[in-house]
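Please keep the sequence and the structure in view while reading.

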Amino acid sequence: MANHNFIDQISSEVPILIAGQTASGKSQLALQVAEKTDRVIVNADAIQVFENWRILTARPSITDETLANHMLYGHLAAQTEYSVGRWLQDVQKILAIYPNPIIVGGTGLYFSALTNGLVNIPQIPEKIRTEANKRVKIEGFKSLINEIDPETIKLIDKNNPMRVQRAWEVMKATRRGLVSWHNQTPEPTLSLKNCEAILVDFDAPSLNKRIKNRFDQMLDNGLMDEALKNFSTWDEKNPSSKAIGAKELMAFLNDDISMEQLKEEVVIATRQYAKRQRTWFRSKMKSWKKLN
């Protein structure tokens, strides 16, 4: 699908979903569409929701935000927990007012919850998570497998530590298997057949080059000043601290790494994240229109 034809071809009657890897230009594309079609832009990126990292997370600039109404960007404090379920509730409230927004981002789980439905599994108590972490550390994650229900064991990847631990925690906390919960998934908030679903698709070499250039631009645009503002209140446990490059910036400000190391480590981490996104999108979004 060619870029120059994209805006002219989209329907004005349905929501637009734009997914893409980090540094793929999806936010700028969303802004172009919003300006031409007079729509609001809704964030579907799990890290761009935090107020304390605008430049590092490539949130739309203040100038961009004056050109179109941007929602769910930078609205949370650094320490705020924000789940997929809460994001979905926020989007549902927006859809009640703006039924045809542009929803754009790179968090695959958000789009999956939006278009496939999200099961409402109760929150796992901290003491159960602590118990799981302790057992995994001492006995290994495979020690949990025998305590997970057979139906779930058949369907999860038993070699994936996170999937195994998650299944064990749900079983322990709710006395119901993960598959049993997922069998009660509600109808999706949006059906793909009633949306324009666009996947911005970049080949790896081109995207890797863009990632490197973008980090240089971030530094030119005041990233170090942003990092200094975060330095005195830095806590690696904060949800916002998962932003790619945040811990590396703190290490640089602590004189633990050089500027050359900072650039190298952030670019590598961003490329690795982009690769994980690419794998997710190509596996889960085969029916989406590709925009290259």
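## A loop and its residues

Ala58 has its place in the loop between β2 and α3, where helices (H or I, at least four residues) and strands (E, at least two) are DSSP runs, numbered from the N terminus. The model is a predicted one, in which local features need pLDDT of at least 70 and side-chain atom pairs count only at pLDDT 80 or more, while totals for chains, interfaces and linings use all residues. Residues are numbered from 1 along each chain as its sequence is written, and side-chain values use heavy atoms, with hydrogens and water left out.

The phi angle of Ala58 is near 60°, which is a positive value in a residue other than glycine. Most residues other than glycine have a negative phi. With a relative accessible area of 25%, Ala58 is partly exposed, because buried means under 20% relative accessible area, exposed means over 50%, and partly exposed lies in between (1.4 Å probe, protein chains only).

Gln48 is also found in the loop between β2 (41-43) and α3 (62-67), and its relative accessibility of 5% means that Gln48 counts as buried. When residues up to four places away in sequence are not counted, Gln48 touches Asn43, Thr57, Ala58, Arg59, Pro60, Leu72, Tyr73 and Gly74, a contact being heavy atoms within 4.5 Å.

Arg175 is another residue with a positive phi, here of about 60°, although it is not a glycine. This residue sits in the loop between α8 and α9, and Arg175 is exposed, with a relative accessible area of 74%.

Which residues of α8 are buried? They are Val164, Gln165, Ala167, Trp168, Glu169, Val170 and Thr174, and these buried residues pack against α6 (126-139), α7 (150-155) and α9 (178-182). An α-helix has 3.6 residues a turn, so residues three or four places apart point the same way. Arg163 belongs to helix α8 as well, and, leaving aside its neighbours within four places in sequence, Arg163 is in contact with Ile156 and Asp157.

## Helix α13 and what covers it

| Helix | Residues | Length | Span, first to last C-alpha | Expected span |
|---|---|---|---|---|
| α8 | 161-174 | 14 residues | 20 Å | 20 Å |
| α13 | 259-284 | 26 residues | 37 Å | 38 Å |

In α13 the buried residues are Leu262, Val266, Val267, Ala269, Thr270, Ala274, Gln277, Arg278 and Phe281. The elements that cover them include β1 (16-20), α5 (108-116), β5 (196-200), α10 (204-220), α11 (223-231) and α12 (246-253).

Two further residues can be considered alongside these elements. Tyr110 lies in helix α5 and, at 2% relative accessibility, counts as buried. Apart from neighbours within four places in sequence, Tyr110 makes contact with Ala44, Asp45, Ala46, Tyr82, Ser83, Val84 and Trp87. Ser24, in turn, is placed in the loop between β1 and α2 (26-37), and it is buried, with a relative accessible area of 5%. The contacts of Ser24, again leaving aside neighbours within four places in sequence, are Val200, Phe202, Leu207 and Arg210. Ser24 and Phe281 are 257 residues apart in sequence, and their C-alpha atoms are 13 Å apart in space.

## The chain as a whole

The chain has 13 helices and six strands, and its C-alpha atoms fill a box of roughly 55 × 50 × 35 Å, taken along the principal axes. A compact globule of 292 residues would have a radius of gyration near 19 Å, and the chain, at 20 Å, agrees with this; the radius is taken over C-alpha atoms, and the globule rule is 2.2 Å times the number of residues to the power 0.38.

Of the 292 residues in the chain, 46% are buried. Among contacts between residues at least 6 apart in sequence, 75% join residues that are at least 24 apart. The accessible surface comes to about 16,000 Å², of which 48% belongs to carbon and sulfur atoms; such areas come from the Shrake-Rupley method with a 1.4 Å probe, and for residues only the protein chains shown count as cover.

Definitions and conventions. The expected span of a helix is 1.5 Å times one less than its number of residues.
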